[in-house]
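Work through the following exercises with the sequence and the structure side by side, and try each task before reading its solution.

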Amino acid sequence: MTSPLLLDERFERAARAHGPRTAVVAGDGERRTYAELLAEAEAVAGWLAAHGIGRGDRVGLVQPKDCRAVAALLGVLRAGAAYVPIDPISPAERARTILADCEVAATIVAPDLGELAPTSCAGHRLLASDDEWHALVQRAAPPPDRAGREADDLAYLLYTSGSTGVPKGVMLSHANARSFLDWAAAAFRPSPDDRFSSHAPFHFDLSVFDLYASLGSGAELHLIDADLGKNPRALGAFVEERRLTVWYSTPSVLLVLSAFGGLERRDSGALRAVLFAGEVFPIKHLRTLTERLPRAEFHNLYGPTETNVCTAARVPLPIPAERAEAFPIGTPCAGYEACLLDAPGGAEVPAGAEGLLHVAGPGLFLGYWKRDGETEARVFEREGRRWYDTGDVAREVPGEGYVYVGRRDRMVKRRGHRVELGEVESGLYKHPRIREAAVVALADDEAGLVLRAHLVPEAGRPLSILELKTFCASVLPASMVPDRFVFEERLPRTSTDKIDYQTLRQKT
Amino acid sequence: MFDSDAIKDAIRSHILTEVLPGESASNLPDDMPLRTSGVLDSMATLKLVSFVEDTFGITVEAHEAGVENFDRIDDMASFIQGKREDR
């Protein structure tokens, strides 16, 4: 059976087949069956259609992670429009900038988040309050028909922080998401017996897997809101109590869950698949996690928002105690091709050499919203296909696929040597008493460039700078030994749960 | 004007400031190997040598700036005292 072309059809097909089954459960236990969720989504679509909003329009979503938010985004898709999720804990200024930038025709907004979506930039407002929502579902206008819609229509716009700090909208189509979801369905075989975690906020592309791999297959989706997501002990309990079977998040989240979630004391036996993406998983923490979740398989997924997941690798278990290097990001997913070039859009590097990872495939984004120049700087025509320059450096190892080397913008020259900051971090992670490490390079008038390591030590005896320096010198070349060591209680994270290097760099 | 302890303290304080900011003086004993352990890399050693020259008014020849004189604070102090006596 071929999969439907449109995301909302994908959900609708599952909803018709699994009507009375639970579709989504919020952190507080509020839940919807597939039939209820479909009815709410159609009511939202009907409201949008009644306001003349549909194909070619954008709709902002300013909601916490609850059942209404899921109904809202499905409703926007059902209306033929594209949704633009706003991080509910982002500064009001950023939210307004995004809503204004993509000229939303309407915004669906939770009652206590109105400040993020003032009428000046929100278009028509649908208030997701108890009363309004109840009334919406009661007197639902019929959803529009799907005539004229195409797989290449915009499905959602995800804003990412550009290097300039100005958020830019990554345009993804129904066809983009479909190719990824078809691959994921074959790779992870989601079924109505599954219970998916939904840790990533909806403005983060990991949410695409959570939402549609589960709701397209009759599975349950268990929402983790921002507060719960930051409480590892509660998260550990959540995994057990909800009997989650599929988990997907950044390594940062799993690392904290593994260290403080009390997994070793809990029954997490239902968990069959743990997927991670977005960062390198420090190997010692991955090893511990695999030991604490002995029944799960582990998959390392790779792909910028612009490409969806484009390479993947299953982690071979058990992880040998002596292994110190991270696992490969693997081989291209179905329909994808990858190559390593010596410059953006340049020539292929010799076999085995490091190069800039370029990716072509069906998940490749449509472009950056109203930023053609930036799209052209990253997307290249080559042998009749569109290739995206990921900005990541990798090398190819026969039989293993691609090995991630680092971000191009995290490579620095120090005393004539090329230093990859991630490699410095890997060296620091070898220290048994360092729990987390993040390294930044700072310009320095005298030394040219200074490497500063921000470290979260394990509890107990404080680490001495001398000891760290000696340790680094024993595991890293001299050009990679940090100049400064700063101890932190925790590392700052971005709203997508990755290490926030920008904030670290600004520390004095 | 510089006895052995004063020389050692001056070197220790320079190393703590330049190479180990945040470290306490008590963690840097006189007999700790610094070059061979990697605490002092070539850049830090160059700076240390010019600090020693400026502070103690001696000239360190290229062949004298190796591990035999610049590994431990003890070694450095003996070397500097010897140099000052030769003047």
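Two residues are in contact if their C-beta atoms, placed from the backbone, lie within 7 Å. Helices (H or I, at least four residues) and strands (E, at least two) are DSSP runs, numbered from the N terminus. The model is predicted: local features need pLDDT of at least 70, side-chain atom pairs count only at pLDDT 80 or more, and totals for chains, interfaces and linings use all residues. Residues are numbered from 1 along each chain as its sequence is written, while chains are lettered from A and ligands numbered from 1 in the order in which they are written.

**Exercise 1.** Determine which residues of H4(B) are buried and what covers them.

*Solution.* Begin with the helix itself: H4(B), residues 73–86, has 14 residues and reaches 20 Å from its first C-alpha to its last, close to the 20 Å expected at 1.5 Å a residue (the expected span being 1.5 Å times one less than the number of residues). Next, apply the burial criterion, under which a residue is buried if 20 or more other C-beta atoms lie within 10 Å of its own, exposed if 12 or fewer, and partly exposed in between. Ile73(B), Met76(B), Ala77(B) and Ile80(B) are buried. Seen down the axis, the buried residues of H4(B) fall within an arc of 95 degrees, so they line one face of the helix (the arc is that of the directions from the helix axis to the C-beta atoms). An α-helix has 3.6 residues a turn, so residues three or four places apart point the same way. On the other side of H4(B), Gly82(B), Glu85(B) and Asp86(B) are exposed. Finally, the cover over the buried residues of H4(B) includes H1 (4–18), H2 (42–56) and H3 (67–70) of chain B.

**Exercise 2.** Describe how H1(B) and H4(B) pack.

*Solution.* The two helices, H1(B) and H4(B), pack at about 125 degrees, with their axes 9 Å apart; axes are lines fitted to C-alpha atoms, for helices over the stretch in contact, and angles run from 0 to 180 degrees between N-to-C directions. H1(B) and H4(B) are therefore oblique to each other, given that angles under 35 degrees count as roughly parallel, over 145 as roughly antiparallel, 65 to 115 as roughly perpendicular and the rest as oblique. As for the residues, Ser4(B), Ile7(B), Lys8(B), Ile11(B) and Arg12(B) in H1(B) meet Ile73(B), Met76(B), Ala77(B), Ile80(B) and Gln81(B) in H4(B).

**Exercise 3.** Which element gives the most to the side of chain A that touches chain B?

*Solution.* The contact takes 12 residues from chain A and 12 residues from chain B. On the chain A side, H15 (465–475) and S26 (484–487) are the elements that give two or more residues, and H15(A) gives the most, with 6 residues.
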